[in-house]
Amino acid sequence: MDHIFIVSLLFVACTSLTGAIIPKYSIAYFKQKLDHFNFVQDATFSQRYLYTDQYWNENGPIFFYTGNEGSITSFWDNSGFVFEAAEQFNALVIFGEHRYYGESLPFGMKSFEHDKVGYLTIEQAMADYAVLITELKVQFKATKSKVVAFGGSYGGMLSAYMRFKYPNVIDAALAASAPIYMVTFEGSEREFFFSAVTQDFHNADPDCPGYIVTAFEMLEMLKNQGAEGLSELSRIFKLCKPLQSVEQIPHMLGWIRNSFTTLAMGDYPYPTDFLASLPGYPVNVVCKMMATASSKLEGLAGATALVYNGTNGTLSCLDPDTEYIECADPTGCGLGPDSLAWDYQACTEVSLPAGSNNKTDMFPALPFTPEMRAKYCQDKWGVAERSNWPIIQFWGKDISSASNIIFSNGDLDPWRPGGVLEDVSPTLVALPVKGGAHHLDLRASNPQDPPTVTQAREQELQLIRKFIE
């Protein structure tokens, strides 16, 4: 077909940091409509996708990963459960890259200019996936194959939304760590994120949050000591550029807070390099570090460096200005072009947590009120949230008319307060993953996985089989 072209690049199977074998993939590009909802405008762009047919037979289903806020290759490398499931079901595996991320930039680096970034919406991304799946089913002569969507975090939200919006295309979905209730503006879920991070550290050691609070108090004391205090902070945190002004402290606090967010999300039972280069159970590691440090502030600096410098510690110094970008997502937008795309989405359809308050959480008071968000988004992108739109478009909390979706949430994941935590119906199943951090169940099986995680994956396989058979 003239609107699909394949790049025949086969990548050899590789072994991940966890020891799992990640299968080889082919890279391909799809000529995608820029605006699916405008019959006058006919522009297109190249959407990247990855696939493997090594498990597939003609009677098998299609497992489609709904790519989220980053390069699709990263999600391929960190979603080994999809391949384990594909082997059991003889499935064709396709990972679709989200528009405006990775290589799927409609206008190259000009994609984030004001007159071009408006094509970045959840609706357009879902239409991309629906069209891509429909066309590939024809290409692979799989028009009768059932399609199961897989995704984690924002990708998990998209998997659920695809089942909401395109049940004619998606037959079932696994929405892992998908905080769909957080973004609909209806409840207080956005207030719970940093308290959930705090609870994760409390679960590792009940004294740990207190250590961290003490460390931030020590930081505040040094901040108030003028140039001498700023110099000492620069030394303790091994900053590449010494602090020159107290006005730099709020950004530094956000940089530190972001590291603890990463630790909580990436609290996997073995070393990983997905969110950062982290040891197994990094929350436990940090709490022991805080307990034994010569001072709590030194411990805080060591915990921060664990995220930004990794377990190998190859950097001689750290730079908050380049390692953390303030944006409309208080949990962090990442770096590079992907961070621009996520910042825009956080200003429009994916409203995320409020700031920390130092009352229900262990962090300094770094508020991000709706008014602050509105001003930031207007100044940065010239846009404003539409408060009623997510409830209309993404169903709010009334999702009972949907079916065949698994909502999995780990009890170590700080995003869990925004997720679906109770069964809605026999086919809208809330699956708790005890011992699981951020979509751990989507990762490849590992000997160090808690038995409860293995059991959760087995339940997911049983439910998927039930939904598509």
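The buried residues of helix H10 are Lys296, Leu297, Gly299, Leu300, Ala301, Ala303, Thr304, Ala305, Leu306, Val307 and Tyr308. The model they belong to is predicted. Because eleven of the 13 residues of H10 are buried, the helix is largely enclosed by the rest of the structure. The cover over these buried residues includes the helices tabulated here.

| Helix covering H10 | Residues |
|---|---|
| H6 | 208–223 |
| H7 | 226–236 |
| H8 | 249–265 |
| H9 | 282–292 |
| H11 | 320–323 |

H10 itself runs over residues 296–308. Glycine 310, with a positive phi near 70 degrees, follows the helix.

H3 contributes Ile122, Met126, Tyr129 and Ala130 to the contact, while H4 contributes Tyr154, Leu158, Tyr161, Met162 and Lys165. By class, eight of these residues are nonpolar, none is polar and one is charged.

The loop between H3 and strand S9 (147–152) holds lysine 146. This lysine is partly exposed, at a relative accessible area of 38%. Apart from neighbours within four places in sequence, lysine 146 is in contact with Pro61, Ile62, Asp171 and Ile468. Between lysine 146 and alanine 91 the separation is 55 residues in sequence and 9.5 Å in space, C-alpha to C-alpha.

Technical notes:
Residues numbered from 1 in each chain as written. Predicted model: local features only at pLDDT ≥ 70, side-chain atom pairs only at ≥ 80, totals over all residues. Heavy atoms only, no water. Helix = DSSP H or I, 4+ residues; strand = E, 2+ residues; numbered from the N terminus. Expected span 1.5 Å × (residues − 1). Buried < 20%, exposed > 50% of the residue type's maximum accessible area, 1.4 Å probe, protein only. Contact = heavy atoms within 4.5 Å. Nonpolar A, V, L, I, M, F, W, Y, C, P; charged D, E, K, R; others polar.
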